[in-house]
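Please examine the sequence and the structure shown below.

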Amino acid sequence: MTTDTVTDVFEEHRPVLLGVAYRMLGRVADAEDVVQDAWLRWSGGDRSEVREPRGYLVRVTTRLAIDRLRRIKALGETYVGPWLPEPYVTDFGDTAPDTAERAVLADSVSLAVLVVLESLSPLERAVFVLREAFGFPYADIAAVLDRGEPAVRQLAGRARKHVEERRPRYQVDPAQRRDLTERFLAAAAGGDLAGLMELLAPDVRLVGDSGGKSRAPLRVLESADHVGRFLVGVAGKGVPDLTVRFLELNAGPAVLVLSGGKPDSVVQLDVADGRVRAVYVIRNPDKLRALPTVP
């Protein structure tokens with residue numbers, strides 16, 4: 001291959017590689033580092049035996065992500081308060097050509113599912129991502145992980161059962177979700193407790209992620225009363241030089257709150273049956289740096 005061809009082939013598959021790495025790690029910066037490492041191995045290695053670049057690059061990326069995930073888990077660092085994945089600006093490009101495929105990819109990158117994936121072992125997570133999100137055959141996954149196919153099927157079954165038992169089952173039209181998000185934002189910003197109570201499900205949960213670096217609840221808030229009153233209290237304190245913008249994060253509508261033009265927080269909702277079932281608030285500044293602040 002010429003230098004241009006080597007680069008072009010890698011760039012063609014970069015969206016898939018970043019998608020695999022992000023779903024494995026839940027951290028955009030770590031995923032980008034893994035993809036960069038994959039590029040170095042691709043550009044500087046012997047490619048003479050590579051017959052299928054996509055499979056080769058996915059194998060390299062997955063193994064690098066597994067190694068990084070194991071290192072992260074081995075550190076055993078204590079996270080202050082609830083943990084949520086780093087928000088990911090959704091852009092599947094040409095990697096999911098039809099609606100059905102896009103729906104599968106979107107489901108696997110939602111905040112709720114990524115929280116569940118965090119509790120899987122690195123190998124279980126890799127199998128789930130490659131099989132459920134990207135549709136790789138078991139034989140190919142076995143080659144990626146250097147495991148026998150029966151062992152991979154066993155890992156897949158265990159991971160699928162774990163995820164299915166814990167992930168929410170909300171099938172909501174994107175336009176309805178956007179509409180409810182806008183109504184929620186208006187009620188919350190206006191300190192309208194009655195309006196919020198009409199939107200919140202009785203068993204709604206609010207998960208705030210600050211990493212101990214900004215103000216947010218250090219435990220999950222539960223019930224419409226607790227969540228509603230908390231949001232009204234926050235609105236009463238105000239945000240200096242507040243602006244907001246809508247964008248698509250993790251395959252769903254989200255609100256980026258800016259203070260003085262800088263990211264202050266991200267708010268995203270899970271909704272079902274016309275009610276808010278979960279409120280995710282990300283305020284850890286380390287997780288907001290990469291977000292676009294202008295349309």
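The paragraphs that follow lead through these topics one at a time.

The model is a predicted one. A search of the whole structure finds 3 aromatic pairs. One of them is formed by Tyr22 and Tyr88, whose ring centres are 4.3 Å apart and whose planes stand at 20°. Planes under 30 degrees apart count as stacked, so this pair is stacked. Tyr22 belongs to helix α1 (residues 3-25), whereas Tyr88 lies in the loop between α3 (53-75) and α4 (99-108); the pair therefore ties together parts that are 66 residues apart in sequence. Both Tyr22 and Tyr88 are buried.

Trp42 and Tyr56 form another pair, with ring centres 5.8 Å apart and planes at 50°, so this pair is tilted. Trp42 is in helix α2 (residues 28-44) and Tyr56 is in helix α3, 14 residues apart, and the pair links these distant parts of the chain. Both Trp42 and Tyr56 are buried.

Charged side chains also meet aromatic rings. Arg47 lies over the face of Trp42, at 5.7 Å from the ring centre.

Two packed helices are described by the angle between their axes and the distance between the axes. The axes of α3 and helix α7 (residues 138-145) come within 9 Å and cross at roughly 55°, which means that α3 is oblique to α7. The crossing of α3 and α7 is right-handed. On the α3 side, the contact is made by Arg59, Thr62, Arg63 and Ile66; α7 contributes Ala143, Val144 and Leu145.

Terms used
Residues are numbered from 1 along each chain as its sequence is written. This is a predicted model: local features need pLDDT of at least 70, side-chain atom pairs count only at pLDDT 80 or more; totals for chains, interfaces and linings use all residues. Side-chain values use heavy atoms; hydrogens and water are left out. Rings of Phe, Tyr and Trp (its six-membered ring) pair if their centres lie within 6.5 Å; planes under 30 degrees apart count as stacked, over 60 as edge-to-face and the rest as tilted. Helices (H or I, at least four residues) and strands (E, at least two) are DSSP runs, numbered from the N terminus. Buried means under 20% relative accessible area, exposed over 50%, partly exposed in between (1.4 Å probe, protein chains only). A charge sits over a ring if NZ of Lys or CZ of Arg is within 6 Å of the ring centre and within 35 degrees of the ring normal. Axes are lines fitted to C-alpha atoms, for helices over the stretch in contact, and angles run from 0 to 180 degrees between N-to-C directions. Angles under 35 degrees count as roughly parallel, over 145 as roughly antiparallel, 65 to 115 as roughly perpendicular and the rest as oblique. A crossing is left-handed if the near helix is turned anticlockwise from the far one by less than a right angle, and right-handed if clockwise. Contact means heavy atoms within 4.5 Å.
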